[in-house]
Amino acid sequence: MSKKWQKWLGVALAATLTTALVAGCGGKSEPKGDANEIRIGASMELTGGVAAYGQQTLNGIKLAVKQANDAGGINGKKINLIVADNKSEASEATNSVTKLINQDKVIAVLGPVVSSNALAALPVAESSKVPLLTPTATNPDVTVKDGKVRPYAFRSCFIDPFQGTVVANFASKTLGAKKAAIYVDNSSDYSKGLAKFFEENFVKNGGTIVIKEAFLQKDQDFKSTLTKIKAAGADVIYVPGYYEEVGKIVKQAREMGITLPITGGDGWDNAKLPEVAGAAALNNTFFSNHYSAEDKDPNVSKFVEAYKKEYNEAPSALSALGYDAGLLLVDALKRAGSTDSAKLTEALAAVKNLQVSTGIISLDANHNPVKSAVIIEMKDGKQTFKEKVNP
C-alpha cells in the first residue's frame, strides 16, 4: 500500500470515527420532522397496571388529531402525534417525557394519565418550558404547587376537590348516609387526594368518618380489613381507587355479606370492572365521572357516534377526556398561530367557552377546567346515568 493511499485511508477513518462519536454523544439532537408538520408528544400508560386507562385515553386523543388533520390540519400543517409508553410507572413517565422533548422535539405533551405519573413528569416539561396537558390527572398539585400556579401544566379533567365534594354530597344527600368508612389506596396520590376531600365535605355535611383503612396497588386479599370495616357500623363505604383493586374489594366485600352502598371516583371507569368484581356484586355501587354516554346532549351523542365508528366500541370517560384534551390543544394551536411553545402555553391558559365532548370548558386561573360531573350507578354490571352536578 502506498503512503499516499495510507494517508487518504487514515483521514477517511478519522472522519468516520468522529461522526460516530458525535452521533453517540448525549447532546441535543437536530430538530426532527419537516416544516409541514407539528410534532406533539403523548406520554401514555400503555403497559403496566393501568394500561387500559392509557389506551382508552390515547384512542380519544388520536380521534381528535385525526379529525383535525382530515379538516386540513393547523394552518396547513398536519399534526404528527408521537407516542411514548410510560409503563404506568412514575420513573418511566419522567423518561418518556424527557425523550419526547429532547429527542423527538415535540412542542407540547399530552399525558400522563394518572396523577402520580403526571407529577413525576412535570419537572421535565417545566425545565424545558414545554406545556404539558394531562387529560385525566385530577390531583390539585398537578397545576398548583405550594400555592403557585405551574405555568406549563394544564388539564382537561375536573380536579379532586370537586370530585371528592360531589361524592360526599351524593352520599350525604342522595343516599342519606351519616357514617362513612374510607378505604384508600396509600400508594396513589390520586386516591389519597380524593379521600381527603371526601372526608372534609362529608364531615362538613354533618357526617362522621367511623373508620379509615388503607391498601396498596397490587394487593390481592382485602378481607381482613373489610372485616374491620364491616364491624365499624358505616352507612356507606368510599373506595377511591383504580378498577383492578376496586373490583376485588367489591367482590370480597359482597362475599362477606357487606351490602352497604360502595362509592368511588373516576378510577372505577373501566369495562373490566364487572369482570373483576362480578356484575351482581357491583349493584348498589356509585362513582363520580366526567361524562356519561347516556347523556342526551347533542355534542356527547356526536362524539359517541364518531368514536364508535372509529373503534367499534363505546367510549369510556377516559376516551372522552383524551378527545377533549386533543380538542383543547388543537384550539390553542389555532389561536397561537405558531408552533412556538411559549405562544402555545399562552394560548392554552386563555381557553374559554370551548365546546368539547363533555360540555363547554373554560380554564380558570389555576389551569383547571370549569365543567360538570356526573354520578354513575352500576346496575347488573352496566353503567347507568344517575345524576349530573354542575360546578
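Biologist: Before we look at any pairs, what makes a contact a salt bridge here?

Modeller: A side-chain nitrogen of Lys or Arg has to lie within 4 Å of a carboxyl oxygen of Asp or Glu. Searching the whole structure, which is a predicted model, turns up 11 salt bridges.

Biologist: Happy to start with one of them. Why is the contact of Glu 37 with Arg 39 called a salt bridge?

Modeller: The closest N and O atoms of Glu 37 and Arg 39 are 2.8 Å apart, and the cut-off is within 4 Å, so the pair qualifies.

Biologist: And how do you know whether Glu 37 and Arg 39 are buried or exposed?

Modeller: Buried means under 20% relative accessible area. Glu 37 has 19% and Arg 39 has 12%, so both count as buried.

Biologist: Let's turn to Arg 150 and Glu 126. What makes that pair a salt bridge?

Modeller: Their closest N and O atoms are 3.0 Å apart, which meets the limit of within 4 Å. This pair links distant parts of the chain: Arg 150 sits in the loop between strand 6 (148–149) and strand 7 (153–155), while Glu 126 belongs to helix 4 (residues 115–128), 24 residues apart.

Biologist: Why is Arg 150 called buried, and why is Glu 126 called partly exposed?

Modeller: Arg 150 has a relative accessible area of 8%, and buried means under 20%. Glu 126 has 24%, which falls between the 20% and 50% limits, so the label is partly exposed.

Biologist: Nice. How do you know that Lys 223 and Glu 255 meet in a salt bridge?

Modeller: Their N to O distance is 3.5 Å, and the definition asks for within 4 Å. Lys 223 lies in helix 7 (residues 223–231) and Glu 255 in helix 8 (residues 243–255), so this pair ties together parts 32 residues apart in sequence. Lys 223, at 35% relative accessible area, is partly exposed, and so is Glu 255, at 46%.

Biologist: Which residues are linked in a network of salt bridges?

Modeller: Lys 66, Asp 70 and Glu 310 are. Helix 2 covers residues 51–70.

Biologist: Last one, then: what makes helix 2 mostly covered?

Modeller: Of its 20 residues, 15 are buried, that is, under 20% relative accessible area. Following helix 2 comes Gly 72, with a positive phi near 110°.

Definitions and conventions:
Residues numbered from 1 in each chain as written. Predicted model: local features only at pLDDT ≥ 70, side-chain atom pairs only at ≥ 80, totals over all residues. Heavy atoms only, no water. Buried < 20%, exposed > 50% of the residue type's maximum accessible area, 1.4 Å probe, protein only. Helix = DSSP H or I, 4+ residues; strand = E, 2+ residues; numbered from the N terminus. Expected span 1.5 Å × (residues − 1).
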